[in-house]
Amino acid sequence: MNATAAVISVRGLTKRFGPVTALDGIDLDVRRGETLAVLGPNGAGKSTLLRLLAGLARPSRGSLRIGGGGDGDASASRALARGGVGYVGHATLLYPALTARENLVFAARLYGVDDPAGRAGSLLRAQGLEAVAERPAGEFSRGTAQRLAIARGLVHDPAVVLLDEPFAGLDRAASERLLERLRDLGRSGRTLVLVTHDLGHASALADSALVLVRGRIVHRASAEDLEPARLEAAYLARVEAAS
Amino acid sequence: MNVLLAVLWKDLLSEWRSRDRVVSMLLFSLLVVVIFHFALPPGPPAQAQALAPGLLWVATLFAALLGLNRAFALELENDALSGLALAPVDRGWIFLGKAIANFVLIVVVQVVTAGAFGLAFGAPVLAHPVGFALVLGLGSAGISAAGTLFGAVAVRTRFRELVLALLLLPLLVPVLAAATRATTVLFETGDLDPAPLRLLAVADAVFWISSYLLFEYVLDE
Amino acid sequence: MLALAVALTGAVWALLVVMAPMDAMQGPIQKILYVHVPTAFAAYAAFATTAVAGAFYLWREDEAFDRLALSAAEVGVVLCTLVLVTGPIWAKGTWGRWWSWDPRLTVTLLLWFIYLAYILLRSFTEGSERTARFAAVYGIVGLLAVPLNYLAIDLFGGRAIHPENLSRGSLGEGMGAPFAAGIVAALVAFAYLTCLRFQLEGLRALAARRASLGPP
């Protein structure tokens, strides 16, 4: 992999929570426009990796560069890196008392977007949320809230989008729609990092995948390894061997 | 600056929608007024008036403790606090937005409570409106700055309500003492006593500046 | 090494206290001050250490500073408790009552509350990094509150009855040496206890890390 074309570049990334090592010496490059799936069993460190990439947590050791600028150590450049990254977490990050539109306007203002109201309007259109724009986010179903959460993550038009288990809690129809939207997002030239434990979604969306077990990368799958049956066989073998 | 206004707008709008925080704070502080009536020995009205400034500030402080806890409980609901931490801005501005929103809430509650003290104990709350507003403002400013910083801390601990009280009360003794002193002098003589006001201003400066600088460390996980 | 220093300075201190002239008016109870004042010095030093180590932790993100802050805070609370116990015993004998809301007394009491809250905060927070950061912030603001507390209690002035002989330099003859020795001994004892506690905390972190790795 050519490191100069990498929009995300991670070296020796280690994260400890007290005595527990959640991530142990992760090396990782993600090319511009690539969709990377991060797979692994529960507690493997997938979410931790994503939160570190988002700048929500500080690495215990190692370096982390996003979008050419921003080293993971200094807090000023961490703020800079946060500006180029959209994060859609496990939770929706929404305020239940505010309407869909107000949530987006607030997020846009947080990121210093030029025309917050205009940006909120176009995102609501793009996510098909215009009908519920004036309803409080607290009333939304899981699927609608998730669409709004994704709109929130895209509010500053980031080059890199990080998604933590976006399919969790969605019914089949909502899953299908989300899959389509994420595919579009990937085609728009954005770099996607998708944390999931669903191999099917990884096969359907990703250009490459890696498997984390107990904070270490135990398998890297390139495009040809992503064929569902092959991915599953490799995944099961590696997870078995590592745990 | 923009972020400050955005956070302030978001907090006040959320509060305006639900009004749960301001209503529970108000009910609580009015209840405290009633409780005080029964706690005080029956005696001449002058005696109750002498105690009114201190009781007013104790009621305010306790009501503020309630509200400050809710201020961040709201941010935890959908992990919205992470959403704030994600913003590529100086965390100090986020602090200022939240602290000013808390300040507004505390002042609203305090004004109503002061009115109740005026009615119930005959405290001369309307006699010196400008001076009283100054004392209320300076006192509430100190409570809201330290309260916002440690509200963000306490809400992510076990026993969050208890922790916030334990953390804040010993720190806010100077604010409580100076505000009570200034209010007492104002009620008795109609004058502004410079010594407690100076202390309030110093305490406000210390709490606002240190909280502005340290907020970054409590927002990160 | 430090242990030896503790024994040595402690012995000198005890000797000087015994040899110090008996107070004509107060009698033997006055000698409690040779414990009271030096422990107060050490307690203040402990809390300052906690705040400074906390600031260094936030700056350098090195867990050792956090362990130092915690160790100093715990030793400080113990020393401060000693101060708050010895003070009233002497006061009962001399002033005739256990407790007065004297400024220095009140500030010390508030300090004691602040650093007990510091320790409680640590035990109520989950995650060692978060605990360290929350505690550092509270330790720093806690120290900043000390001068404010002094000013606040000054407002209610006129009730300061704490002896000011140390700052006025008007100690009676033969009292200087035991006080000086006491302060040195108390500071050395504070340093020693904090070191022990610090080492213990380091070992604890090491053991926890080993345990989390599982059997080799």
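The following legends describe close-up views of a predicted model. Local features require pLDDT of at least 70 and side-chain atom pairs count only at pLDDT 80 or more, while totals for chains, interfaces and linings use all residues. Residues are numbered from 1 along each chain as its sequence is written, and chains are lettered from A and ligands numbered from 1 in the order in which they are written.

View 1. B:Phe121 counts as buried because it has 21 C-beta neighbours inside 10 Å; the criterion is 20 or more other C-beta atoms within 10 Å, with C-beta atoms placed from the backbone. Apart from residues up to four places away in sequence, B:Phe121 touches B:Ala48, B:Gln49 and B:Ala52 (contact: C-beta atoms, placed from the backbone, within 7 Å).

**View 2. The largest nonpolar core.** Such a core is a set of buried Ala, Val, Leu, Ile, Met, Phe, Trp, Tyr and Cys residues joined through C-beta atoms within 7 Å. Of its 217 residues, A:Leu53, A:Leu162 and B:Leu167 touch the most other members. Helix H7 (residues 160-189) of chain B supplies the largest share, 17 residues.

**View 3. Contacts of B:Leu167.** Beyond its neighbours within four places in sequence, B:Leu167 is in contact with B:Phe150, B:Val153 and B:Ala154, and also with C:Ala117, C:Leu121 and C:Tyr138.

**View 4. Chain C and its helices.** Chain C holds seven helices and zero strands. Of its 216 residues, 38% count as buried.

Definitions and conventions
Buried ≥ 20, exposed ≤ 12 C-beta atoms within 10 Å, placed from the backbone. Contact = placed C-beta atoms within 7 Å. Helix = DSSP H or I, 4+ residues; strand = E, 2+ residues; numbered from the N terminus.
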